[in-house]
Amino acid sequence: MFMSRDEKLIVIIENNDHKNYSSIYIYDTNDGHLINEIRSHKTFSLGDISPNNKQIVTGSNTMSHGAKNNQSIDIWDVETGMEIQSFNGHSVGNVIFSPN
């Protein structure tokens with residue numbers, strides 16, 4: 001779980017091997033409503049929200065959901081839930097957006 005710098009969004013990651021996918025839930029902290037749910041066959045271990053709250057970066061170092069290599073860094077659009085970019089095959093220790 002992680003929160004945006006301005007505390008307006010909270011993100012919860014749920015890795016569920018029984019469903020064969022993972023979910024990223026994005027909530028508005030003001031009223032608690034679900035802004036978006038992103039589903040992926042990757043297993044996420046960490047993440048961050050961009051300073052403008054428009055993108056999420058996730059990182060994974062695990063092998064799960066039948067994936068051969070699930071070491072990746074992925075950038076997601078908060079509004080659409082679409083993956084913007086993926087960097088595969090990288091060992092991930094941490095992911096964070098630059099403040100500017």
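Let us begin with F44: does F44 count as buried or exposed, and at what relative accessibility?

A: F44 counts as buried, at 4% relative accessibility. Here, buried means under 20% relative accessible area, exposed means over 50%, and partly exposed lies in between, using a 1.4 Å probe and protein chains only.

Before we go on, a word about what you are looking at. This is a predicted model, in which local features need pLDDT of at least 70 and side-chain atom pairs count only at pLDDT 80 or more, while totals for chains, interfaces and linings use all residues. Residues are numbered from 1 along each chain as its sequence is written, and side-chain values use heavy atoms, with hydrogens and water left out.

Now for the wider setting. The protein has 0 helices and 8 strands; helices (H or I, at least four residues) and strands (E, at least two) are DSSP runs, numbered from the N terminus. Of its 100 residues, 42% count as buried.

Back to F44, this time with its ring partner. The whole structure holds 2 aromatic pairs. To count as a pair, rings of Phe, Tyr and Trp (its six-membered ring) must have centres within 6.5 Å; planes under 30 degrees apart are stacked, over 60 edge-to-face, and the rest tilted. F44 and W76 have ring centres 6.0 Å apart and planes at 85°, so this pair is edge-to-face. Since F44 sits in the loop between β4 and β5 (46–49) and W76 in strand β7, the pair ties together parts that are 32 residues apart in sequence. W76 is buried too, with a relative accessible area of 5%.

Leaving aside neighbours within four places in sequence, S40 is in contact with Y21, S22 and W76, where contact means heavy atoms within 4.5 Å. A polar atom of the S40 side chain also lies 3.1 Å from the backbone nitrogen of K42. That is a polar contact: a pair of N or O atoms within 3.5 Å, where within protein one must be able to donate a hydrogen and the other to accept it, and residues adjacent in sequence count only if both atoms are side-chain atoms.

Strand β4 has a sheet to belong to. An open sheet of 4 strands has the order β1-β2-β3-β4, with antiparallel pairing. Its edge strands, β1 (2–3) and β4 (34–40), each pair on one side only. Two strands pair if DSSP finds at least two bridges between them. Strands β2 (residues 9–16) and β3 (residues 21–28) are joined in the antiparallel sense over 8 bridges. Y21, the contact of S40, is in β3 and stands opposite N16.

In one of them, the side chains of K42 and D74 meet at 2.6 Å, N to O. K42 lies in the loop between β4 and β5 and D74 in strand β7, so the pair ties together parts that are 32 residues apart in sequence. D74 counts as buried, at 0% relative accessibility. In another salt bridge, the side chains of K42 and E83 meet at 3.6 Å, N to O. With E83 in strand β8 (residues 83–88) and K42 in the loop, this pair therefore ties together parts that are 41 residues apart in sequence. E83 counts as partly exposed, at 37% relative accessibility. Through shared partners, salt bridges join K42, D74 and E83 into one network.

Finally, follow strand β7 (residues 71–77) to D77. D77 is partly exposed, with a relative accessible area of 22%. Its side chain reaches the backbone nitrogen of T80 at 2.7 Å, and a polar atom of that side chain lies 3.0 Å from the backbone nitrogen of E79. Not counting residues up to four places away in sequence, D77 touches I38, K54, M82 and I84.

Definitions and conventions
A salt bridge is a side-chain nitrogen of Lys or Arg within 4 Å of a carboxyl oxygen of Asp or Glu.
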